[in-house]
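Here's a quick look at one protein model, from the overall build down to a few ring contacts. Have the structure open while you read.

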Amino acid sequence: GALAILFVLNTAYAALNTISRLNVVEAERDRWQRPSDVVRALDLRPGNVVVDLGCGAGYFALKLSAPIGDRGRVVAEDVRRLPLVFLWFRTVSRHEPNVTIVHGALNDPRLPAHVNSVLISNTYHEFADSHSILVRVYQSLVQPGRLVIVGRAPQPASGVTAESTEHEISADRVESELRETKFEIVSRQDHFIDSDPDRKSWWLIVARKP
């Protein structure tokens, strides 16, 4: 019994330390990520259901809670369990009852029906089967539900832009795959972020279910 209590206390202490470090990292991220513009692109309304697909520890998921209000719901999805554990701690400590945590599968994020908006930030490049994911997103969205994708652009190599590299993917490829899945492109910003701390540029695409 004593060992179990000690284990729980140590785990909670480690989680609190990690969350404290996350808060510092995210405060720095706020300076260049343009989170308010990303949230604005989702066109949220009170009572909406919004998905943060590939939410990690909840950088955007927690920012989506206020715009939709108590009657709305944030669905925070990820395939990794540990970040979701940290997000759960954060929602409890911040009293964010409208955040629902979902552990998704690699080819199925297990989204609910009647979703108003979906955000995919710095995650699309990790999809092993992007077509299956986009089909699931399309099916879950209401009409004209929004899909906002933010990604880091590949760096030119020998004068030619690589199609995709680690943690990077081209806006052209993502737009093409969106159109193949019958999404309609609302807007595209190829230089949404000109330079992050690693001197990389980011693009933003807004699509909708027609």
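This is a predicted model: local features need pLDDT of at least 70, side-chain atom pairs count only at pLDDT 80 or more; totals for chains, interfaces and linings use all residues.

How many helices and strands are there in the protein? Residues are numbered from 1 along each chain as its sequence is written, and side-chain values use heavy atoms, with hydrogens and water left out.

The protein has six helices and eleven strands (DSSP runs, H or I of at least four residues for helices, E of at least two for strands, numbered from the N terminus). Of its 210 residues, 46% are buried (under 20% relative accessible area; exposed is over 50%, partly exposed in between, with a 1.4 Å probe and protein chains only). Among contacts with a separation of 6 or more, 71% join residues 24 or more positions apart (contact: heavy atoms within 4.5 Å).

Now the rings. The whole structure holds five aromatic pairs (Phe, Tyr or Trp rings, the six-membered one for Trp, with centres within 6.5 Å; planes under 30 degrees apart are stacked, over 60 edge-to-face, the rest tilted). Two of them are among these:

| Pair | Type | Centre to centre | Angle between planes |
|---|---|---|---|
| Trp32 and Trp202 | tilted | 5.6 Å | 50° |
| Trp88 and Phe89 | edge-to-face | 5.3 Å | 75° |

Trp32 sits in the loop between helix H1 (2-29) and helix H2 (35-41), and Trp202 lies in strand S11 (residues 202-208), 170 residues apart. Both Trp32 and Trp202 are buried. Trp88, in contrast, is partly exposed at 48% relative accessibility, and Phe89 is partly exposed at 25%.
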